[in-house]
Amino acid sequence: MTAGEYSEKQDFSTAAPPLMVQQKLAILFVCISCGEQQQAELEDQPDSLDKGLDEGLASEARQAVEHLDRFYDSAVPSPGPVINPAVIGSFSSNSAMMQDDPDQFNDCAAVFKLGNKESGVYSLTIPDTKQQFKAYCDMETDGGGWTVIQKRFNGLVDFHQTWKNYTMGFGDILGEHWLGNEIISKLTQEKQHVLRIDLTDWEGNTAFSKYEQFSLDGEKQNYRIHLSSYSGTAGRTSSMGQPGSDFSTKDVDNDKCICKCSQMLSGGWWFDACGPSNLNGVYYQQGQNTNRFNGIKWYYWKGSAYSLKATTMMIRPSNF
Ligand SMILES: [Ca+2]
């Protein structure tokens, strides 16, 4: 044997079994599209399948992203104009405050109309009950009076929560949180509501999506979402997916896919199969936020692979 000659036999047995990766990819593809042709596409990817599990997972993400880009066919619009860059800053700097008589207020719109026009945490009462809850009121954006139902901006709260936790709400009311499906359902069944969604990307752009009619059914109907009259700057098309989608979490699968979208994409959401959005996905920090199919996604603004920096979902009665 001469110097430099390769003397060690390469051992391919240490690579992860291609079959395992292939099965994982197959599940992913079927999940996203509920179609059948993707299995054939998988078999055209022998290179990625042979590079082992880590490479396989990276490939999985890339493939999923590429597939979603084809699946939702319209081009991604350019980022909209800066709407209200102050919202996120004001949110985290406000201190909690309480009004004198919480029995009077079912929502932040009622608080606002009685003269409390400072954003912060207020104690409210679920309609037709004595049951109180705390909510963050945004009194500045788009005329104020908004009851915040979801907030993310720093990744400190885990949103991959159970059905029970999404029902009851979780997180820090002054930080990241989910208000709770039961409260949202009660509020939006009591009277007609508007839903507004404000989004911030990692380049400092903001955009919003707004629905003039929004309601959630009760738990027996899996907190099914109803939306109409879309407008806003976060895409010409709504990213909320199909109207009438049921809510799913990691432990309760109500989506229209043979897979479990919540387990695959993380977080609780109104997954379709699995749909063009998930504002409760994994929070990725700047620099880690691209090529992420399980991040905080709003497809028609930033595409399927981009995970957003900050989100706010908030509701207000239509007659405000
Ligand atoms: Ca399913």
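1. A definition to begin with: a charge sits over a ring if NZ of Lys or CZ of Arg is within 6 Å of the ring centre and within 35 degrees of the ring normal. A second case is K302, whose charged end sits over the ring of Y306, 4.6 Å from the ring centre. Please keep in mind that this is a predicted model.

2. F159 also takes part in ring pairing. A search of the whole structure finds 14 aromatic pairs. F159 lies in the loop between β3 (146–152) and α7 (163–168), while F170 belongs to strand β4 (residues 170–171), so the pair ties together parts that are 11 residues apart in sequence. Both F159 and F170 are buried.

3. Another pair to look at is W178 with F247, which is tilted: the ring centres are 5.9 Å apart and the planes make an angle of 35°. This pair links distant parts of the chain, with W178 in strand β5 (residues 177–178) and F247 in the loop between β8 (225–232) and α9 (261–265), 69 residues apart. W178 and F247 are both buried. Ring pairs join these residues into a cluster whose members are F159, W163, Y166, F170, W178, Y223, F247, W269 and W270.

4. Which residues does N181 touch beyond its neighbours in sequence? Leaving aside those within four places, N181 is in contact with Y166, T167, L216, Y223 and F247. Among these, Y166, Y223 and F247 are members of the ring cluster. N181 is found in helix α8 (residues 181–190). With a relative accessible area of 1%, N181 is under the 20% cut-off, so N181 counts as buried.

5. Now for the nonpolar interior. In soluble globular proteins, nonpolar side chains tend to be buried together. Here the largest nonpolar core has 56 residues, and those with the most contacts inside it are L195, M240, W298 and M313. Strand β7 (residues 206–216) gives the largest share of this core, four residues. There is also a second, separate core of six residues, including Y136, W146, V148 and V194.

6. Not counting residues up to four places away in sequence, M313 touches T147, V148, I149, Q150, W178, L195, R196, I197, M240, W269, W270 and L279. That list includes W178, W269 and W270 from the ring cluster, as well as L195 and M240 from the largest core.

7. T200 lies in strand β6 (residues 193–200). Is T200 buried or exposed? Its relative accessible area is 13%, so T200 is buried. The C-alpha atoms of T200 and F153 are 8.8 Å apart, although 47 residues separate the two along the chain.

8. How many disulfides does the structure hold? It holds two. The C108 to C137 bond has an S to S distance of 2.0 Å, and its torsion about the S-S bond is about -75°, so the disulfide is left-handed. It links distant parts of the chain, C108 in helix α6 (residues 108–113) and C137 in strand β2 (residues 132–138), 29 residues apart. C108 and C137 are both buried.

9. The other disulfide joins C261 and C274, with their sulfur atoms 2.0 Å apart. Its S-S torsion is about -85°, so this disulfide is left-handed. C261 lies in helix α9 and C274 in the loop between α9 and β9 (277–278), so the pair ties together parts 13 residues apart in sequence. Both C261 and C274 are buried. With the bonded cysteines numbered in sequence order, the pairing is 1-2, 3-4.

10. Finally, the calcium ion. Its protein donors are D253 (OD), D253 (OD), D255 (OD), C257 (O) and C259 (O), lying 2.2 to 2.7 Å from the ion. Along the chain, the donors follow the spacing D-x1-D-x1-C-x1-C. D255 is buried, C257 is buried with a relative accessible area of 8%, and C259 counts as buried at 6%.

Terms used: Residues are numbered from 1 along each chain as its sequence is written. This is a predicted model: local features need pLDDT of at least 70, side-chain atom pairs count only at pLDDT 80 or more; totals for chains, interfaces and linings use all residues. Side-chain values use heavy atoms; hydrogens and water are left out. Donors are N, O and S atoms within 2.8 Å of the metal (3.2 Å for Na, K and Ca); water is not among the atoms, so sites may look incomplete. Buried means under 20% relative accessible area, exposed over 50%, partly exposed in between (1.4 Å probe, protein chains only). Helices (H or I, at least four residues) and strands (E, at least two) are DSSP runs, numbered from the N terminus. Rings of Phe, Tyr and Trp (its six-membered ring) pair if their centres lie within 6.5 Å; planes under 30 degrees apart count as stacked, over 60 as edge-to-face and the rest as tilted. A nonpolar core is a set of buried Ala, Val, Leu, Ile, Met, Phe, Trp, Tyr and Cys residues joined through side-chain atoms within 4.5 Å. Contact means heavy atoms within 4.5 Å. A disulfide is a pair of cysteine sulfur atoms within 2.5 Å.
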